[in-house]
Each structure stands twice: as C-alpha cells, then as structure tokens.
Amino acid sequence: QVQLVESGGGLVQAGGSLRLSCTASGIIFSINHMGWYRQAQGKQREMVAALSSDGNTDYAHSVKGRFIISMDNAKNTSYLQMNSLKSEDTGVYYCNAEIETVVPGGLYYWGQGTQVTVSS
C-alpha cells in the first residue's frame, strides 16, 4: 500500500513563503512523476507544478517565477517552495505521484491535502 502525506501548509501573510513536503511511503520501485495541485473553495482542482523523472518541470502560469518544485529521491519526498505568496494562492494543496510498485505499470496516488491560507 502506497501513501502520500503532505505537510507544511499553514497561514502566511501575502509576500511570505512556505515550503510544502510530500512523502511517499510503502513498497516503491520508482516515482515517475510528481505533481502539486491546489483547489480553492468553490473552484476546480488545478495543476500548480509538476516534475518528471527526467527532470522536466511544468508550472501553472500563475505561479511561474514564484514556485519551485523539487524532489529528493533518496527520501521519496517532493517539495514545493512557494515564494511571494498572494491571496489567490489560498487553497488546499495536494500532491499526486505516478509510482511503480509490485504491480507492473505505474499507478497514480493522491495525498490527503494541506491547507495554505495567504492573508492580504
């Protein structure tokens, strides 16, 4: 059984920074893709940042230049460094990963989410 657990959310003033972490646990052969999503109240979940195993990154236009996604493969942990936070960054942040386990082929897993609130 694979689990993703996020941490690092909280309340921060506009202009501040937070670093989110997402740690995968269980029987993991490889993590092929890691992504961070967020869902603001009353809105659809949207992709914020993504990182593939070959090092390619992708960011939502609204966070480019402010957020950085990274991965510590030894710890099976992804990080989302969020700088210059704005009130519109408020929402529940979820990590998502494509993980290969004992079952051939990668499966996608979601974390439980961590709340980020940016006060203006």
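Author: Glu46 pairs with Arg38 in a salt bridge, with 2.8 Å between the closest N and O atoms. The term stands for a side-chain nitrogen of Lys or Arg within 4 Å of a carboxyl oxygen of Asp or Glu. This is a predicted model, in which local features need pLDDT of at least 70 and side-chain atom pairs count only at pLDDT 80 or more, while totals for chains, interfaces and linings use all residues. Residues are numbered from 1 along each chain as its sequence is written, and side-chain values use heavy atoms, with hydrogens and water left out.

Glu46 is partly exposed, at 35% relative accessibility, whereas Arg38 is buried, with a relative accessible area of 5%. Here buried means under 20% relative accessible area, exposed means over 50%, and partly exposed lies in between (1.4 Å probe, protein chains only).

Arg38 also meets Asp89 in a salt bridge, at 2.9 Å from N to O. Arg38 belongs to strand 4 (residues 30–39) and Asp89 to the loop between strand 8 and strand 9, so this pair ties together parts that are 51 residues apart in sequence. Strands are DSSP runs of E with at least two residues, and helices are runs of H or I with at least four, numbered from the N terminus. Asp89 is buried, with a relative accessible area of 0%.

Asp89 has a salt bridge with Arg66 as well, the closest N and O atoms being 2.8 Å apart. This pair also links distant parts of the chain: Arg66 sits in the loop between strand 6 (57–59) and strand 7, and Asp89 in the loop between strand 8 and strand 9, 23 residues apart. Arg66 counts as buried, at 9% relative accessibility. The structure holds 3 salt bridges, and Arg38, Glu46, Arg66 and Asp89 are linked in a network of them. In general, side chains of opposite charge can pair when their charged atoms come close.

Strand 7 (residues 67–72) and strand 8 (residues 77–82) run antiparallel and are joined by 6 bridges. Phe67 stands opposite Met82 in strand 8. In the hairpin of these strands, which has 4 residues between them, Asn76 takes a positive phi near 50°. Strand 3 is likewise joined to strand 8 by 6 bridges, and the two run antiparallel. Leu18 also stands opposite Met82 in strand 8.

Cys22 lies in strand 3 (residues 18–25) and Cys95 in strand 9, so the pair ties together parts that are 73 residues apart in sequence. The torsion about the S-S bond of Cys22 and Cys95 is about 55°, so the disulfide is right-handed. Cys22 is buried, with a relative accessible area of 0%, and Cys95 is buried too, at 0% relative accessibility.

Strand 4, which holds Arg38, also contains Ser30. Ser30 is partly exposed, with a relative accessible area of 26%. The C-alpha atoms of Ser30 and Ser87 are separated by 35 Å, and the two residues are 57 apart along the chain.

Notes. Pairing = 2+ DSSP bridges. Disulfide = S-S within 2.5 Å.
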